[in-house]
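Here's a quick tour of where residues sit and what they touch. Have the structure open while you read.

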Amino acid sequence: AWSASFTKKWYGEKRLYNFGPTFAGGRKTEPGAEPDLIRTAADPLSPVLVRATALALLGRYRPEDVLPTFREALQNENGILRRAALLYLPGIAPDELVKLVTPYLQDPIKGVRIEAARALTALPSDRIPERFARQYSKALAEFRGAALYSADFAASRLNLGTLAMHEGKLEEAEEQFKQAVAIDPDFISARSNLAVLYSRQGKNDLAEEQLRTALVRNPDLGDINYSLGLLLSEEKKYDEAADHLARAAAAMPANARVHYNLGQLLAFLGRDAEAEQALQQAVLLAADNIQFMAPLARFYLQRRRLQEASKLAEKMRAAAPDNPLGQQLLDYIEQQGQ
């Protein structure tokens, strides 16, 4: 304490911007870190690796807020930034993903081509336009070759597993993910992908085992707690599911969907005060998305809090005038009040 006090006295309150606190906030997905992350990613005076790290952290935020920064990075002459933009690109609609990424299948830098191919494996191969089919096939071969060359690393095994899943080779994908975990038992991405694979095959017990193992040494991981919470909810283990979703919300406070799912589950469990708070937080984080407003409106309606439900329905109508849901809710509330 005395050291901090003397430092403040000596240097004063005002300091030059430093990316360290911004990155610390970004790792927690704090909303206040987002503007400085955008600023850092776009700053030509910052070292390129610092800018790339800012892109990595921005990938955790809402796509609509950060996508312009990624578009700008993809136009940068530095291949490291183009590669980072593709590697950490936030989730966007398939058509937009194809339009944005396919030109980089022809990038002069191999690492950028590989990341473009990897990003497109999230889509069925028939979504790739015919004019890019040859470049896509060539970039996929480069992707596979690079992963095989370094297959003694867990990350390469993860990439091979992801590629196998894309090609529908589920047994090969499972084996690659298992190899990744064997190389590095704490490689969370491999366990997460293995859990997803098991879940898609209806092997929920194996999926749950992988997620629980990931949390043993890393209990505060937001994504893993979220996945486990959803899985437990599907298995009707509601109380435990709510606990993991609450941990996910604490770890990812800017993720509206986590609060949305937590609020609905808490409402189902009759924990009204907590449910209302979570649903309100989802609406606050996604103020223009009626998908997140509707559950809170239903929450108020079911509890005969008609005035609050009416205000929310009006917001829904204003946010999406072409969607009839807001007006339908208003009509229903008016009937209930008569």
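Helices here are DSSP runs of H or I, at least four residues long, numbered from the N terminus. Keep in mind that this is a predicted model.

With that in hand, Leu-284 belongs to helix 17, which covers residues 272-285. Leu-284 counts as exposed because its relative accessibility is 62%, and the cut-off for exposed is over 50%. Ala-254 is 30 residues away from Leu-284 in sequence, with 9.7 Å between the two C-alpha atoms.

In soluble globular proteins, nonpolar side chains tend to end up buried together. In this model the largest nonpolar core holds 55 residues, and Phe-177, Leu-296 and Met-316 have the most contacts inside it. Helix 18 (residues 290-302) supplies the largest share of this core, eight residues. There is also a second, separate core of 42 residues, with Tyr-61, Leu-81, Ile-128 and Phe-132 among them.

Back to Leu-296: setting aside residues up to four places away in sequence, it touches Glu-276, Leu-279, Gln-280, Val-283 and Leu-312.

## A buried threonine

Thr-69 sits in helix 5, residues 63-74. Is Thr-69 buried or exposed? Thr-69 is buried, because its relative accessible area is 9%, and buried means under 20%. Beyond its neighbours within four places in sequence, Thr-69 contacts Ile-38, Ala-41, Leu-55 and Leu-58.

Conventions. Residues are numbered from 1 along each chain as its sequence is written. This is a predicted model: local features need pLDDT of at least 70, side-chain atom pairs count only at pLDDT 80 or more; totals for chains, interfaces and linings use all residues. Side-chain values use heavy atoms; hydrogens and water are left out. Helices (H or I, at least four residues) and strands (E, at least two) are DSSP runs, numbered from the N terminus. Buried means under 20% relative accessible area, exposed over 50%, partly exposed in between (1.4 Å probe, protein chains only). A nonpolar core is a set of buried Ala, Val, Leu, Ile, Met, Phe, Trp, Tyr and Cys residues joined through side-chain atoms within 4.5 Å. Contact means heavy atoms within 4.5 Å.
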